Amino acid sequence: MRSKLQAPALPRESVPRPHLLDELRSGRSSALMLVCAPPGYGKTTLLSQWAEADAGTTRFAWVTLDEGDADPVRFWTYLVSALSTVAAAAGRRSLPALSRHPERMMTEALPLLMEELEEGSQDLVLVLEDYHRAESSPLTEPLAVFVERRPRRLQVVLSARSDPQLPLGRWRANGQLTEIRADQLQFREPEVAAFFDRAGIGDLSRAELGQLTVRTDGWPSVLRLAAILLRSQPDRGAFVQAFTGSTRQVAEYLATDVLETVSPGIRSFLLRTSILPRLCGPLCDAVTETEGSAATLRELDRANLFISPLDGDGRWYRYHQLFAEALRLELEITGPHLAPELHTRAGLWFEREGDLESATEHAIAAQDTGLCRRLILRQLQPLTGSGHLATIERWLAGLSWPEVLRDPELATARATAAGQRSRPDEAGRWLDVAAEGRRDGLTSAGVPLGYGVDLLRSFFLPGSISSAHEAALRAVAEAPAPFWRGAALAGLGQCRYLLGDPDGAAEALREARTLIRDDLNMLALASGYLALVECDQGNPRQAERIARRAVEAAEAAESALSGIGVMAHTGLGAALTAQGRLAEADDRLSFVVGLHNGGSPSVWLAHALLLLAGCRYHAGDAARAREALDEATDTLDRVPGPGIVPDLAAAMRGRLLAPGRRAAAFGQELSDREVVVLRLLATGLSQREIASQLYISPNTVKTHIRATYRKLGAGTRPQALHRARDLGLLPPG
Amino acid sequence: MHRPAGGHDHGDMTGLPCRIVLQGEVSDRLEPAFRGLSLHRYAGHTELRGTLADQSELQGLLNRLFDLGMQIVSVRAG
């Protein structure tokens, strides 16, 4: 987490701004303190000053955000980790909940975090620095809720280059927003004077200070550039005249002039390292292919030229943003071919250091297809497994140059990301791209490309189930190692189940489960389908054990199940229904439906909806059962070749349309409650179990059962069930 | 978002005519940064003119100008 959670060190010559610190403190009563201004207005410096000034009374949690934090799991992990440095209880339960169920952020991790923050009484400040870098729509809603419901002792401060997409209008209207914006951050003349004084330029006249203030609009970072230039000017008055008389853009004017004041070696160093969001000696050595960069960085820092340290031990630095931008532009102008090569060197350095994510960012910036391929495929499994799918997706979206769009192996990565998001159609299009590669070419996972494509077809079902089945058979035949055979068998099991071959499915799935223990998503896929088979064969308890073990293995590894892995929840839902635990089953299946609903129409979605309809049918809620069934039918209409799932839908419809509660022989109708009790009786539950399922007393259950038996003309449970089946009140046993 | 290479979509773009006016005068040497737009300076302002690919490219350019600390006076696109 290197220095992301540390307040940046305070620049040596920073100008005190007591009125702004008061402004910040006064924001304690509002929901959000927004510090919003273009780069170079001293947002970070101001917040660092505040953290230093109030260290005695207030504890500051700090997160410096970057583009990678657009991934909600990562964003919240950093946020909670930062809070845990100032509030002992923070993160204890919310962090594990977050990594296990990122999709339930709003209902699980967030409420836990609020509770944790209630413990303790010290005033806290949470600074989210550079929020604009991470901003993405999935962050918005939970963050707004967090800000609104935060405990009173916590003040949330957000610094950004432009207004964030939070409900600012509403907060402003309610007096819930305090803002410090560019015009407040601009240096007034006395501050400009203090600034130059601290920079060792104390001999400017009032008039000159006034001119500089007007010319720069009191923009701190531009003043900093002016100070660098002024130090080397023999005739300061002449410089001020020329500078204030020029109509050139101030930042450009100063940046280009500043570059002329440094030695060619430093100039080259600055230009080449400007592509780095963070700098340290060894990294700069690698990028510039020189030695002694650490000393250069220390020297630049000491001379207060362009960089500031990120941590206390002087290892990591960053450029002042405005200057970095000017440097990058200069690099583009003077050596347009250089940037990609520099990014590749940075990428390779980060790869050697084991920071694969930073490496990937640079590989993408370099448009280095080979390096991107190697890095992304190395991370695909761990990241999709741990719920960091958003990171992978952001990278893949960045891989948009023609060569990389045709890369077969990256196409399999794109198919995996799409499949894990329940978008089989998109997965299929990428698999078609991948299939254009050499079938026997080895991928970086060491498997033949053709095998990989077939495996993914059998997992994500992009076309008809029967075509996926053929792909699964090929994959089983070509599997290069036992683990990969297990993977292919899991895919085969899925296809066989969906084609109406439960015995064949069970056989494949049992073998699969012994071979793929280490891959939680694949294991969950196989376990989910095996649980469904067990349910169909009348072993719901065994089904529950199988599915629950897969879900728990993922939870123990603090890994969220996605896409294929969600099948374990589906299997568990079916097992719960079969045992009459209908409320639990409804929750579980609704969760699965919600996940698949985020994607495109899929067999998975249709199937989960049917199970949900079945669960509601058993609960006696015909209306909502019908709703789920209609949605399932609707989905099936938009899915090619969905195997036996339409038959399941037709059977379900038959049951729902069956003459519901007519007890024909005696002409007496069963009440809704009696039908529910009857269906629960059919699952083998005891009277006491039924009572606790329905939240009624055992005596009431007895009353219902007696009435049901009477209306059906039955004396015993088997008689009643037999009669009910004849009448179509229960599905045939 | 990302889409398969099968569906190339580069050829059929008509482009987005743009005029962006900046505060201050930008020198010609910065021209490579402006994605093919041409520079015209007058009376303490600089106008960038030309055609960009689409709104996303315009957004990227505006961000870049912003990051460079350039003050945008007006933008007309389309």
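**Notes on the predicted two-chain model**

1. Starting with chain B: of its 78 residues, 22% are buried. Keep in mind throughout that this is a predicted model.

2. Staying with chain B, you'll find one helix and four strands. Their order along the sequence is β-β-β-α-β. As for how the chain folds back on itself, take the contacts between residues at least 6 apart in sequence: 59% of those join residues at least 24 apart.

3. Now the interface. Here 25 residues of chain A contact 19 residues of chain B. On the chain A side, the elements giving two or more residues are α14 (250–261), α18 (321–334), α22 (389–398) and α25 (424–434). If you want one place to look, go for α18(A), which gives the largest share, six residues. By residue type, the chain A side splits into 13 nonpolar, four polar and eight charged.

4. Next, a helix pair in chain A: α32 (residues 567–578) and α34 (residues 603–618). Their axes come within 10 Å and cross at roughly 20°. An angle under 35 degrees counts as roughly parallel, so α32(A) and α34(A) fall into that class. The crossing is left-handed.

5. Who makes that contact? From α32(A) it is A:Thr570, A:Gly573, A:Ala574 and A:Thr577, and from α34(A) it is A:Ala608, A:Leu611, A:Gly614, A:Cys615 and A:His618. Sorted by type, the residues of this contact come to four nonpolar, five polar and no charged.

6. Finally, have a look at A:Leu65, which lies in the loop between β2 (58–64) and α3 (72–84) of chain A. Is A:Leu65 buried or exposed? It counts as buried, because it has 24 C-beta neighbours inside 10 Å, and the cut-off for buried is 20 or more.

7. What surrounds A:Leu65? Apart from neighbours within four places in sequence, A:Leu65 is in contact with A:Leu128, A:Glu129, A:Asp130, A:Tyr131, A:Arg133 and A:Ala134.

Note on methods:
Residues numbered from 1 in each chain as written. Chains lettered and ligands numbered in written order. Predicted model: local features only at pLDDT ≥ 70, side-chain atom pairs only at ≥ 80, totals over all residues. Contact = placed C-beta atoms within 7 Å. Nonpolar A, V, L, I, M, F, W, Y, C, P; charged D, E, K, R; others polar. Buried ≥ 20, exposed ≤ 12 C-beta atoms within 10 Å, placed from the backbone. Axes fitted to C-alpha atoms, helices over the stretch in contact; angles between N-to-C directions. Parallel < 35°, antiparallel > 145°, perpendicular 65-115°, else oblique. Left-handed = near helix turned anticlockwise from the far one by under 90°.
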